[in-house]
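Reader: I'd like to walk through a model with you, starting with charged contacts and ending with pockets. Can you give me the general idea each time, then the case at hand?

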Amino acid sequence: MVNPQRAWGEIQGVQSPEIIRHFGGFSSGDAFSLNDNVMVKNKNISSRGVPAAKVRSGFAKLGTLVAPVMGIGLHKENQLNVISGGVWKRWNGSSWNDLASGLNGSAKWSFTNFKGNFSDVALIASNGIDPVKVYDGATLSNLENAPAGLNFVTSHENRLYGAVRNELHYSALRKPTDWNTVDQSGQIVIENKGGENISCVVGGTGKIVVFLPHSMHELYGTGPINFRLQVITEEIGCVCHQSAVMVGGILFFLSHDGIYRYAGGAIPKRDFSLKVQEIVNRINKNAWSAVAAGTDGERYYISLPLDNATEPNITLEYDPAYDIWNVWDMGHVPTAYGRNQGNMVIGVRENAVLQMGGTNDAGIATPYMLETKPFSYGSLAAHARLYRLWIVADVPIGATMNVYISNKEQGDTDWSLVKTISSNTAIVATPIHIPVDKSFYANWVRIKIEGQGQVVIHEIARQSRMFRFGIGGG
């Protein structure tokens, strides 16, 4: 009996299989220079399946709301609060309870937990317009003596901090209602060469990080007696407070020219985000305030308004552990991120709070897609065609997978559907052989996989047959 592998190898021009088993996410850079395992397009793929390409988790909708969510705060790590339509609401586990109304309905909110000389930990919130709020777990009230217009409230070393125009205000030690006592509380003017106002204040980094749109400053010390303000850079700032998120001790944020990360001790870097720089370049700079970002504890998520959009129309997932970017589309417009019982929650423009987790998107199978780079066959003096193509995947019951191929190096109209997979029996880590009869002799081949459901792609393997000029004749 003839060995099949040997027989294939003896067919003139058949090349060794080329296999992708460690998926490297997405890059918006030059498709021709990407590694084979990096996709030129993907949708709703998450790094949580590395090395496989795994469809992101689904989500559930928490209760019903009547207006977009402008802020999400977690009291004492266990009680979810949101501000929607100018109403402060608390999630009781099955529905929303109203705690206060008459708040500004369009301003974004910042939150921090703080105890000081309160009887218990309280959730403090600000938006720069309404009086600063304090929630003790039962009642909501104004924070006494807080500066008018205070925004970006945060805490550090038993003090509250926030910004009013270009002034960083701080409370007295352990006294969240004392903002005026000389030598105990006060304010520090933060200036840069552009004369800008403070755009972001971040605590929890071992110091207070203060951003203006085009500069970055750090405040060291524990109080007026030893405060020391240091300019980190006057070239990089933060354009949106909601973009600044701590993930694993690293601060991620959006500046006017890219997404940066900062671990202290040096100028922030954006080398890691160059893979998505072409997307960042398309941000509508008149809609900085619409940007929203958050974390699930391991990854950084940022939702951006591109081109002429005034609300986010793309969400990027970045995994620092694997240096992988992916693109999400949840069918909703994110406005605020938070956490609830260990799960990431997302407030959206469509009057809802989404809690990530589960196998579908509020009852609808999660759509997904990935598209490979254009693969060449070595020299452009050679034509080739796909000889074999197979995919190793998990396809649960009810999920679908459509496989397309194209012999054009780019474009969205030249795809040929070559295989549709759906089954009443779950497919688990099973090789799926894909017909290649629609592949013709060309310089390029691309592969696109799309469908619905919690699919996991473990491997994409292709084998080509090459026909150099004067060999094989086609």
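Author: Happy to. A salt bridge here is a side-chain nitrogen of Lys or Arg within 4 Å of a carboxyl oxygen of Asp or Glu, and the structure holds 18 of them. This is a predicted model, where local features need pLDDT of at least 70 and side-chain atom pairs count only at pLDDT 80 or more, while totals for chains, interfaces and linings use all residues. Residues are numbered from 1 along each chain as its sequence is written, and side-chain values use heavy atoms, with hydrogens and water left out.

Reader: Which residue forms a salt bridge with Arg21?

Author: That's Glu459, with the closest N and O atoms 2.5 Å apart. Arg21 sits in the loop between strands E1 (18-20) and E2 (41-43) and Glu459 in strand E39 (456-468), so the pair ties together parts 438 residues apart in sequence. Strands (E, at least two residues) and helices (H or I, at least four) are DSSP runs, numbered from the N terminus.

Reader: Is Glu459 buried or exposed?

Author: The cut-offs are under 20% relative accessible area for buried, over 50% for exposed and partly exposed in between, using a 1.4 Å probe and protein chains only. Glu459 is buried at 9%, whereas Arg21 is exposed at 52%.

Reader: What does Arg462 pair with?

Author: Arg462 forms a salt bridge with Asp36, the closest N and O atoms being 3.6 Å apart. Arg462 lies in E39 and Asp36 in the loop between E1 and E2, so this pair ties together parts 426 residues apart in sequence. Arg462 is buried at 7%, and Asp36 is partly exposed at 30%. Both belong to a salt-bridge network that also includes Glu18 and Lys373.

Reader: On to pockets: what is the volume of the largest pocket?

Author: On a 1 Å grid over the protein atoms alone, a pocket is an open set of points where a 1.4 Å probe fits, with protein on both sides within 12 Å along at least five of seven lines; lining residues have an atom within 4 Å of a point. Points are joined across faces, edges and corners, and volume is the space filled by probe spheres set on them. The largest pocket comes to about 1100 Å³. Of its 35 lining residues, the closest to the centre are Ile72, Phe111, Ala244, Tyr337 and Gly338.

Reader: Which strand gives the most to that lining?

Author: E29 does, with five residues.
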